[in-house]
Amino acid sequence: MDLGLKGKVALVAASSKGLGYGVAKALAAEGAKVSLCSRGADAVAAAAQTLADETGAETLATACDVRQLSDIQAWVDKTVAAWGAIDCLLVNAGGPPAKTVKELSEEDWQAAFELTLLSSVRMISCALPQMNAGGSILTVTSGSVREPIPRLALSTVMRAGVAGLVKTLADELAGDGIRVNNLVPGRIDTDRVAQLDAVASEKLGISIEEVQRRSLAGIPLGRYGTIDDFGAAGAFLLSPAASYITGATLRVDGGAARAI
């Protein structure tokens, strides 16, 4: 199936590895021009070069801390200067620390607000003036937007705000032909999930292997997902092939969510 992404310009945040890299990889494979960003200049440059070598796609790499408005604007400006208007935006950032509410300080809440919620607002606000009609915005959120996850209080609260932002924007931008959706990862095999498994192991006093066994018991497909699984779903929702989908939340979780 041709997703209609050939020649489209895509901004993909936090894409030197993990979920962001999975989406960037899928977009590049479909022929999109992919502008990657990450805090680490060397890491994002290496990721962009790997994608260019493997897919033949045009790529750009920018060091960008998505907590900083000036960094986001510089990333957008660099992309537009190279390729013109924007067609796709993946809103993404590293997850906040795994803690319960009672363990959190005022500084923890403020940092999570800036990393998870305010960065989403800023990325969208900077990209929108340069986005073509028929464009698409996709946010990487969490299963916590539907059901709180133990020890992920910061993620649960802030990502609920992102989900509300997406639904609001889906209505506001429909008249401009711009779609806005959420993509929810389940247990995808990334450094972030490995970190969360390690935290759970310490808190529960069990081995990491036991944490993983318990997680797998709740996944009907019986495995952790891959970044390619996630990337394929992301590329579809960002593409013209999903032209009648907006304001939606798609789970990529192997069937783990039990709600109908």
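Analyst: Helices (H or I, at least four residues) and strands (E, at least two) are DSSP runs, numbered from the N terminus. The model is predicted, so local features need pLDDT of at least 70 and side-chain atom pairs count only at pLDDT 80 or more, while totals for chains, interfaces and linings use all residues. Residues are numbered from 1 along each chain as its sequence is written, and side-chain values use heavy atoms, with hydrogens and water left out.

User: How many helices and strands are in the chain?

Analyst: The assignment follows the DSSP runs defined above. On that basis the chain has eight helices and seven strands.

User: What is the radius of gyration of the chain, and what does the globule rule give for 260 residues?

Analyst: The radius of gyration is taken over C-alpha atoms, and the globule rule is 2.2 Å times the number of residues to the power 0.38. The chain is as compact as a globular protein of that length, because its radius of gyration is close to the value from the rule for 260 residues. Along the principal axes, the C-alpha atoms fill a box of roughly 55 × 40 × 40 Å. The radius of gyration is 18 Å, and the rule gives 18 Å.

User: Which helices each supply at least two residues of the lining of the largest cavity, and which gives the most?

Analyst: On a 1 Å grid over the protein atoms alone, a cavity is a set of points where a 1.4 Å probe fits but cannot get out, and lining residues have an atom within 4 Å of a point. Grid points are joined across faces, edges and corners, and a volume is the space filled by probe spheres set on the points. The count comes to one cavity of 30 Å³ or more, and about 70 Å³ of space lies in the largest cavity. Both α4 (106–127) and α5 (153–173) supply at least two lining residues, and the most, five residues, come from α4.

User: Where is Ser239, and is Ser239 buried or exposed?

Analyst: Ser239 is in the loop between α8 (227–238) and β7 (249–252). Contact means heavy atoms within 4.5 Å; leaving aside neighbours within four places in sequence, Ser239 is in contact with Leu3, Leu5 and Arg179. Its relative accessibility is 1%, so Ser239 counts as buried.

User: What is the phi of Ala14, and what is the phi of Arg151?

Analyst: Most residues other than glycine have a negative phi. Ala14 is in the loop between β1 (9–12) and α1 (18–29) and is partly exposed at 23% relative accessibility. Arg151 lies in the loop between β5 (131–140) and α5 and is partly exposed at 25%. Neither is a glycine, yet phi is positive in both: about 50 degrees for Ala14 and about 70 degrees for Arg151.

User: What separation do the C-alpha atoms of Met131 and Asp65 have?

Analyst: Met131 is in strand β5 and counts as buried at 10% relative accessibility. Beyond residues up to four places away in sequence, Met131 touches several others, including Ile86, Cys88 and Ile178. Asp65 is 66 residues from Met131 along the chain, and their C-alpha atoms are separated by 21 Å.

Terms used. On a 1 Å grid over the protein atoms alone, a cavity is a set of points where a 1.4 Å probe fits but cannot get out, and a pocket is an open set with protein on both sides within 12 Å along at least five of seven lines; lining residues have an atom within 4 Å of a point. Buried means under 20% relative accessible area, exposed over 50%, partly exposed in between (1.4 Å probe, protein chains only).
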